[in-house]
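Welcome! Let us take a walk through this structure together, one element after another.

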Amino acid sequence: MLKGKVAIVTGSTSGIGLGIAEVLASQLCDVMLSGFGDEKMIAALQARLHRQYKVRISYNGADMANPDEIHAMVRATRRELGSVDILVNNAGIQHVASIEEFPRAKWEAVLAVNLSAPFHATQAAIPHMRKKKWGRIVNIASAHGLVASKNKAAYVSAKHGLVGLTKVTALELAGSGITANAICPGWVLTPLIQKQIDERARDQRIKVKEAELQLLSEKQPSQQFVTPEQIGKMIVFLCDSGADQVTGAALSMDGGWVAQ
Ligand code: NAD
């Protein structure tokens, strides 16, 4: 149970972040939602989580590509919810192209959201956690933080960087009561991945279900998707006292992907 704790989950208007926010709320944690999306959809989401779990749910629309907005989001969390105990750096974007064809602006955007944003959020959150001598920083990296695939230069570089950032964070905070870990999921069926599946189906003129199975078969031995809820439950474990000494780890949740 995380009653009385406050979590920021970046990129929680969709996919994995939304699943994480829901699991944390179900454990009675107050949550600052973040991410883009339709205003009405976000207001409805806030209201539903509040109603269902009787926790406080705030929302901040900070652009993760903007360091000032990230720092302001962390200040807003402290102001609106009273604390910053758990930081989940989850917001992320993808662009698929060969290095020769990779647009410079896409490289910059992927690095900004997937790597620089977790650095800025961590920097802003640490002083609040230090005051309480307790904190949890969880970076949602990827199997692509540990191994590469072609045509994903920016994403793979950013996620490998995020695993490195996690280790430095863990070392600098060791013994302080604050831990930092990375979770490295394999395929999770979210809008980010659905886009890649749809593109594959279109390019190869195959059914979407067939493209889905192809994607899984290439990388994920279990041939089953990881779910956002499973990732949320891993974070709940990381918040438990049983995980007090788990820090600086890159935890794979990938159906065996990187075991190969
Ligand atoms: P998604 O596209 O469903 O959700 C991404 C979230 O990030 C959304 O809420 C979006 O609004 C937000 N976001 C994007 N750019 C932003 C910005 N500039 N500022 C603020 N918010 C922004 O994606 P997802 O699949 O849920 O991915 C979430 C995280 O998990 C990403 O870091 C991704 O790299 C990682 N991941 C995903 C998979 C997968 O298979 N889906 C696997 C491994 C890791």
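**A helix and its surroundings**

Nine of the twelve residues of α1 are buried (under 20% relative accessible area, with exposed meaning over 50% and partly exposed in between, for a 1.4 Å probe and protein chains only), so this helix is largely enclosed by the rest of the structure. Among the buried residues are Ile-16, Gly-17, Glu-22 and Leu-24. Helices here are DSSP runs (H or I, at least four residues), as strands are (E, at least two), numbered from the N terminus. Just after α1, Leu-28 takes a positive phi of about 70°.

This is a predicted model, in which local features need pLDDT of at least 70 and side-chain atom pairs count only at pLDDT 80 or more, while totals for chains, interfaces and linings use all residues. Residues are numbered from 1 along each chain as its sequence is written, and side-chain values use heavy atoms, leaving out hydrogens and water.

Next, look at α4 (residues 104–132) and α5 (residues 153–173), whose axes (lines fitted to C-alpha atoms over the stretch in contact, with angles from 0 to 180 degrees between N-to-C directions) come within 8 Å and cross at roughly 15°. The two helices are therefore roughly parallel to each other (an angle under 35 degrees).

Now for two loops. Asn-151, in the loop between β5 (135–140) and α5, has a positive phi of about 70° although it is not a glycine. At 33% relative accessibility, Asn-151 counts as partly exposed. Arg-205 lies in the loop between α6 (191–204) and α7 (208–219), and is exposed, with a relative accessible area of 78%.

Technical notes. Angles under 35 degrees count as roughly parallel, over 145 as roughly antiparallel, 65 to 115 as roughly perpendicular and the rest as oblique.
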